[in-house]
Amino acid sequence: RFRSSMLKNAPVHVHYPLTEGQIVLRTDADWERDVPASAVADTSHFTFDVASENPFVYFKVCLRRGPDFFWSVGANYLLIVDADQEKHVYPFFFASEHGSLSERSEIVSRYFEEPFSYRLWLPPGYDENSLKRYPVLYMHDGNNLFLPEETSFGETWQVESIIDLMDSLRTMREVVVVGVWPIDRKHSYTKPGYETYGQFMVEELKPHIDQHYRTLPGPENCAVMGSSLGGVVSFYLAWEYPHVYGVAACMSSTFGYQDDLRERVAAEPKRNVRFYLDSGVPGDNYEVTKDMAELLMRQGYARGEELLYFSFPADLHNEKFWALRSHLPYQFFFENQ
């Protein structure tokens with residue numbers, strides 16, 4: 001391990017609705033020794049001062065309950081001591097280490113004659129630790145996200161398995177995913193249909209999700225994502241409603257097919273939105289995606305901060321390849337601090 005010349009203290013805040021017992025920490029300095037809380041607030045907020053000469057520490061939240069001792073579920077937490085920031089964690093002890101997929105539900109819209117279907121992916125520990133609120137990722141073509149029997153072409157985005165893996169390794173913040181089925185995707189994902197679809201998403205679906213689930217509703221915690229025409233409508237939603245969607249992933253997007261997004265980006269003020277753009281090459285809407293990325297940079301978007309853009313040699317236009325690279329926008333949106 002690297003060592004510094006002095007001992008440093010870093011605060012860790014543990015949030016858990018404790019009903020009985022004691023919350024303690026164990027660290028890699030000595031996995032057999034309890035680190036007690038330095039402060040307790042309302043039996044739900046426990047503060048620990050972690051001292052280390054190293055630039056990083058691994059730790060685990062533990063629960064003592066009478067003679068029983070429980071380790072929190074999931075991988076060890078990583079604390080970067082030199083980062084000079086406070087760490088907030090929301091452990092759970094008795095739930096599965098895997099997230100859960102909801103039943104397919106419907107929501108009626110005043111803008112459409114048919115109801116929209118949607119499914120939710122809820123992170124592990126959602127029900128046990130009721131103190132935690134989550135960012136939300138809205139994804140289009142919901143039928144192609146989760147279950148092979150629901151897909152159009154037999155391949156899925158493998159959303160649950162990829163995010164489950166990233167959750168278990170703590171490489172991203174836990175997130176609620178909302179997969180939305182299209183009614184008429186060609187109409188709803190292009191101009192002018194995406195204008196009405198946007199009203200449904202902003203005025204009806206998002207308030208419904210925020211009301212019924214523990215979300216972080218601000219734009220910095222609300223992302224939208226899709227591929228092909230779904231990438232186009234994702235870009236439209238973020239550009240039209242930056243106060244709602246603060247981040248947008250647009251994969252293999254058919255820019256210019258039936259939209260005016262390039263013209264709007266060139267003529268309108270820069271939005272306070274972070275964009276992820278990618279495509280396969282050759283083909284796979286490579287040219288229009290590269291053109292849009294370069295236009296965004298000319299309009300002031302800083303690459304690597306406000307814009308991530310990649311091209312992937314030989315990747316094809318289908319769910320298999322979108323799934324393979326989906327971890328990139330997930331981490332860009334929801335990097336674990």
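Colleague: What makes the largest nonpolar core a core, and which residues have the most contacts inside it?

Modeller: In this predicted model, the largest nonpolar core has 49 residues. The set is called a core because its members are buried nonpolar residues joined through side-chain atoms within 4.5 Å. Those with the most contacts inside it are Val 178, Leu 205, Phe 235, Tyr 245, Phe 275 and Leu 277. Helix α4 (residues 229–240) supplies the largest share of this core, 8 residues.

Colleague: Which residues does a second, separate core include?

Modeller: That core has 27 residues, and Ile 163, Val 247, Tyr 330 and Phe 332 are among them. As a general matter, nonpolar side chains tend to be buried together in soluble globular proteins.

Colleague: Which residues does Leu 277 touch, not counting residues up to four places away in sequence?

Modeller: With that exclusion, the contacts of Leu 277 include Cys 250, Phe 255, Met 292, Leu 296, Leu 308 and Phe 310. A pair counts as touching because heavy atoms of the two residues lie within 4.5 Å.

Colleague: Why is Ser 228 called buried?

Modeller: The relative accessibility of Ser 228 is 11%, and the cut-off for buried is under 20%. Ser 228 therefore counts as buried. This serine is found in the loop between β15 (222–227) and α4. Leaving aside residues up to four places away in sequence, Ser 228 touches Met 251, Ser 252, Ser 253, Thr 254, His 317 and Trp 322.

Colleague: Why does Ser 102 count as buried?

Modeller: Ser 102 has 19% relative accessibility, and buried means under 20%. The value falls under the cut-off, so Ser 102 counts as buried. Ser 102 sits in the loop between β10 (100–101) and β11 (105–107). Not counting residues up to four places away in sequence, Ser 102 touches Arg 119 and Leu 120.

Colleague: Among contacts between residues at least 6 apart in sequence, what percentage join residues at least 24 apart?

Modeller: In the protein chain, 73% of those contacts do.

Terms used:
Residues numbered from 1 in each chain as written. Predicted model: local features only at pLDDT ≥ 70, side-chain atom pairs only at ≥ 80, totals over all residues. Heavy atoms only, no water. Helix = DSSP H or I, 4+ residues; strand = E, 2+ residues; numbered from the N terminus. Buried < 20%, exposed > 50% of the residue type's maximum accessible area, 1.4 Å probe, protein only.
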